[in-house]
Amino acid sequence: MTPVGHAAFSYVVGTGLRRLVSISMIGLVVGGVLPDVDFVMLWAPGFNAWHRVVTHNLLFCTVVGVLAAAWG
């Protein structure tokens, strides 16, 4: 999925969630795109081999979630 796809999916999910809970749409969309922050390294050799290992895992999600909660 591309960063645009991540953002669109996050927006659609957030639209449904807003009926149930108070949620920041900006935060949700940024959080949805965050796993593809390394997309700027697309030019690097072997990008696809390590792209999903670095930012598409539960450890990355946990660390970012804890940092976002501490910041918020």
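Phe-9 counts as exposed, at 54% relative accessibility. Its place is in helix 1, which covers residues 3-17. Ser-10 is also placed in helix 1, yet Ser-10 is buried, with a relative accessible area of 9%. The model is predicted.

**Phe-9 and the surface patch**
- Phe-9 is exposed because its relative accessibility of 54% lies over the 50% cut-off.
- Phe-9 belongs to a nonpolar patch on the surface.

**Ser-10 and its contacts**
- Ser-10 is buried because its relative accessible area of 9% falls under the 20% cut-off.
- Neighbours within four places in sequence aside, Ser-10 is in contact with Leu-28, Val-29 and Gly-32.

**Fold of the chain**
- The protein chain has four helices and zero strands.
- From the N terminus on, its elements run α-α-α-α.
- The C-alpha atoms fill a box of roughly 45 × 25 × 15 Å, taken along the principal axes.
- Among contacts with a separation of 6 or more, 33% are between residues 24 or more positions apart.

**Burial and surface of the chain**
- The protein chain has 72 residues, and buried residues make up 18% of them.
- Its accessible surface comes to about 5,300 Å².
- Carbon and sulfur atoms account for 76% of that surface.

Methods: Residues are numbered from 1 along each chain as its sequence is written. This is a predicted model: local features need pLDDT of at least 70, side-chain atom pairs count only at pLDDT 80 or more; totals for chains, interfaces and linings use all residues. Side-chain values use heavy atoms; hydrogens and water are left out. Patches are made of residues with over 30% relative accessible area and no salt bridge: like charges are joined within 9 Å, nonpolar side chains (Val, Leu, Ile, Met, Phe, Trp, Tyr) within 5 Å. Accessible areas come from the Shrake-Rupley method with a 1.4 Å probe; for residues, only the protein chains shown count as cover. A salt bridge is a side-chain nitrogen of Lys or Arg within 4 Å of a carboxyl oxygen of Asp or Glu. Helices (H or I, at least four residues) and strands (E, at least two) are DSSP runs, numbered from the N terminus. Buried means under 20% relative accessible area, exposed over 50%, partly exposed in between (1.4 Å probe, protein chains only). Contact means heavy atoms within 4.5 Å.
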